[in-house]
Amino acid sequence: MEIWYITCQQQQQQQQQQQTFLQRTICVLELPFVVEEEEVNNFFKKCDGGVKSVEITRSGALVFSAAFVEFHKAKGKKKAMELAWHYVDEFDVIVVGAEE
């Protein structure tokens, strides 16, 4: 019974971490395929608290890529969401919350 309690407690901690991650993370869609993590980081670094991590997903068949951007604070996500549909070089990007 004690082992079950530990497992249940770990599961609750994991769920809390996932919820916190979603509260601080956006997904940026329709990025140019050649964009690098540093460029995404530089664009969003002005958001409250700064960028904690950037992960770009690419598919060999697509022209565009997507990025998950996690901020140090939930306020950073809010600020980034305000940049939705912001014009970046020659491309419009779509910014949505990671939970969407």
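This section describes the fold, the nonpolar core and the aromatic contacts of a predicted model.

The chain has 100 residues, of which 30% are buried. Its secondary structure comprises three helices and six strands. From the N terminus, the order of elements is α-β-α-β-β-α-β-β-β. Among contacts with a separation of 6 or more, 63% join residues 24 or more positions apart.

In soluble globular proteins, nonpolar side chains tend to be buried together. In this model, the largest nonpolar core holds 16 residues. Ile26, Val28, Leu31, Val40, Phe44, Val69 and Phe71 have the most contacts inside this core. Four elements, β1 (25–32), α2, β2 (51–57) and β3, each supply at least two core residues.

Beyond residues up to four places away in sequence, Phe44 touches Ile26, Val28, Val51, Val69, Phe71, Ala80, Leu83 and Val95. Phe44 has 2% relative accessibility and therefore counts as buried, since the cut-off for burial is under 20%.

The model contains two aromatic pairs. One joins Phe43 and Phe44 in an edge-to-face arrangement. Phe43 is partly exposed, because its relative accessibility is 26%. This value falls between the 20% and 50% cut-offs.

Phe44 also pairs with Phe71. This pair is likewise edge-to-face, with 6.1 Å from centre to centre and 85° between the planes. Phe44 belongs to helix α2 (residues 37–44), whereas Phe71 belongs to strand β3 (residues 64–71). The pair therefore ties together parts that are 27 residues apart in sequence. Phe71 has 0% relative accessibility, so Phe71 counts as buried. Through these ring pairs, Phe43, Phe44 and Phe71 are linked into a cluster. Phe44 and Phe71 are also among the residues with the most contacts inside the largest nonpolar core.

A further ring contact involves a charge. The charged end of Arg58 sits over the ring of Phe33. The distance from this charged end to the ring centre is 6.0 Å.

Conventions: Residues numbered from 1 in each chain as written. Predicted model: local features only at pLDDT ≥ 70, side-chain atom pairs only at ≥ 80, totals over all residues. Heavy atoms only, no water. Phe/Tyr/Trp six-rings, centres within 6.5 Å; stacked < 30°, edge-to-face > 60°. Buried < 20%, exposed > 50% of the residue type's maximum accessible area, 1.4 Å probe, protein only. Lys NZ or Arg CZ within 6 Å of the ring centre and 35° of its normal. Contact = heavy atoms within 4.5 Å. Core = buried A, V, L, I, M, F, W, Y, C linked by side-chain atoms within 4.5 Å.
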